[in-house]
Amino acid sequence: MAFVAHSSAPAATPFAAMPPAGWLWAVALGSLAVRLMLAAGLPLTGDEALFYWWSRFLDYGYYDHPPMAAWWIAGSRWLLGEAEWAVRMPAVLLPLAVGWLMWWAWAPVDRVRAAWAVLFFWLTPFNWLVSLMATDTPLIFWAVASVACLARGEQRAVCGQPATLWYALSGVCIGAAFLSKYFAVLLGVAYLVYFVVWARSRWWGLVWLVIFALPAAALNVWWNLHHCWTNIMFNLVNRNQGSDWGWDGPAAFLGMMLYLLGPGLLWWFWRGRAGLGALVRGQALMVCVAVVPLLCFAWVSLRKDIGLHWVMAFYPFLFLMAAWSGEPERRRSLAKVMAAFLAVHLIAVLVLALTPLSTWENSRVYPRVINAVEAPAVVRAFEAPGVVMGASSYASGSVYGYALGRHVPVIGPGSKYARQDDLNVDYAAFHGRTVRIVQAREPALADYAPYFRSVRVLSAEVRGVTFYAVEGEGFDYPAYRTAVQAPVNARYYAFPSWLPVWGCPFCQRFCGQPRCPASDQAGATPQR
């Protein structure tokens, strides 16, 4: 049977089998307090500041990711304000929401095991120490919500009860996950495997799910049609240039997964390995959504490094597997081992928090730390009336912009990541103006001289670190267009000719049409 839907009635549940309620409350509230302190005490990272600016330029799509993270930050800012902790509030509350979804979805099957699964999940260092806002934050929530709705639908369907609503809601949620990050596709692959192998008789559930997920996919396609397919080009082509096959990636991925499981779960799954077959037969959905995406990542790791945050949308289901496997009488022992592993991390973070910044003055990371912690002081050192403040990278530009309260564009080629300025900034508007390009390393004036009338280097010291700014007088947009934007067009906007294009903000400013032929870059007329 693909989905076992028995229920443990409260009256029949031995108290000793339940995780202590005090543990659940202590872990939930303790982790919430730690996340709140980190959210309020840490400066925004470059990625977070970038997403913050997405929320200031609110849209239904962005250069390298779908829009959900920006929507969540915009909502949090509207409710709570502009502070770092307000920007991060969705990430702060995420583990509590995921734990509740796990309980809601599987408590009808077995409330004892569901409670242990939530406790195990909340005991992970990730859920105590990560309060940073990322595109993964909404992805994790919507992916778990989709699985939870599907689980409730399957519970009803195997009992012969109507389940169409739950399949539809699961589709809406996976659609929202897709509008968070494209990794939601891997959840779709897991669903396909589940329905093809274990739930063929309920194939109509998958059909309903797909139908209600399609509007989100259509919205994403519509945005790409009007924005030169930058989402698709970045994720499938630009970010993967230079990737080679090798075994280093799988080894790193394996090491990362061993760390995320920790000694407790590794011991638990190894000890209960004989019962994993029964777990697959009894709770196939749970196993599919946990294992199938991780196998996909293992394959991808042959060619690309897998980030720790990539797997987090599927991480919670490993703890459901743990609660449904192994020896019930040893669950408290597992919880204690996990608590000890967590304590090591908390002590390490406490030691770091109590260590003065001056301790790191001679380390390589010190300039970057000061750049983040003292960003307001850095930009104030170079700010001047009538001067356009710029940056040499998208991460630092976003951080400086957050400190200033106004957008700071990147002047120069930038990187292949996070090129939202291509779509938002009209560089022709800077023609003739004075620009100061702030950076943490001493700049090479020769890189900037071609598109300014004159250039010089300014410097300022903040907490023992020297920061620099290239001051360029008389910004020459036609020269900038030739030196910087023409190569950008050739590299990042060379989308296939067979793709229909109905709009492209970058190309329309660059050459006056939705598609700029690479062979005609120099001769095209810039739009002002």
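A residue is taken as buried when its relative accessible area is under 20%. In this predicted model, Cys-228 has a relative accessibility of 1% and therefore counts as buried. Cys-228 is joined by a disulfide to Cys-504, with an S to S distance of 2.2 Å. The two partners come from distant parts of the chain, 276 residues apart: Cys-228 lies in the loop between helix H10 (203–225) and helix H11 (230–236), whereas Cys-504 lies in the loop between helix H21 (477–492) and helix H22 (505–510). The link of Cys-228 and Cys-504 is right-handed, with 65° about the S-S bond. Cys-504 is likewise buried, at a relative accessible area of 0%.

The structure contains two disulfides. The other pair consists of Cys-511 and Cys-516, whose sulfur atoms are 1.9 Å apart. The link of Cys-511 and Cys-516 is left-handed, with -90° about the S-S bond. When the bonded cysteines are counted along the chain, the disulfides follow the pattern 1-2, 3-4.

Cys-173 takes part in no disulfide, the nearest cysteine sulfur being that of Cys-149 at 4.5 Å. Cys-173 is buried, with a relative accessibility of 9%. For Cys-507, the closest cysteine sulfur belongs to Cys-504 and is 3.5 Å away, which is too far for a bond, because a disulfide requires sulfur atoms within 2.5 Å. Cys-507 is also buried, at 0% relative accessibility.

Aromatic contacts were examined next. Across the whole structure, 39 aromatic pairs are found. One of these is formed by Trp-54 and Tyr-62, whose ring centres are 4.5 Å apart and whose planes meet at 5°, so the pair is stacked. Both Trp-54 and Tyr-62 are buried. Phe-506 and Phe-510 also form a stacked pair, with 5.8 Å from centre to centre and 10° between the planes. These two phenylalanines, Phe-506 and Phe-510, are four residues apart in helix H22 and are therefore separated by about one helical turn. Phe-506 and Phe-510 are both buried.

Arg-152 is placed over the face of Trp-104, 4.6 Å from the ring centre. The charged end of Arg-273 is positioned over the ring of Trp-270, at 3.9 Å from its centre.

Definitions and conventions: Residues are numbered from 1 along each chain as its sequence is written. This is a predicted model: local features need pLDDT of at least 70, side-chain atom pairs count only at pLDDT 80 or more; totals for chains, interfaces and linings use all residues. Side-chain values use heavy atoms; hydrogens and water are left out. Buried means under 20% relative accessible area, exposed over 50%, partly exposed in between (1.4 Å probe, protein chains only). Rings of Phe, Tyr and Trp (its six-membered ring) pair if their centres lie within 6.5 Å; planes under 30 degrees apart count as stacked, over 60 as edge-to-face and the rest as tilted. A charge sits over a ring if NZ of Lys or CZ of Arg is within 6 Å of the ring centre and within 35 degrees of the ring normal.
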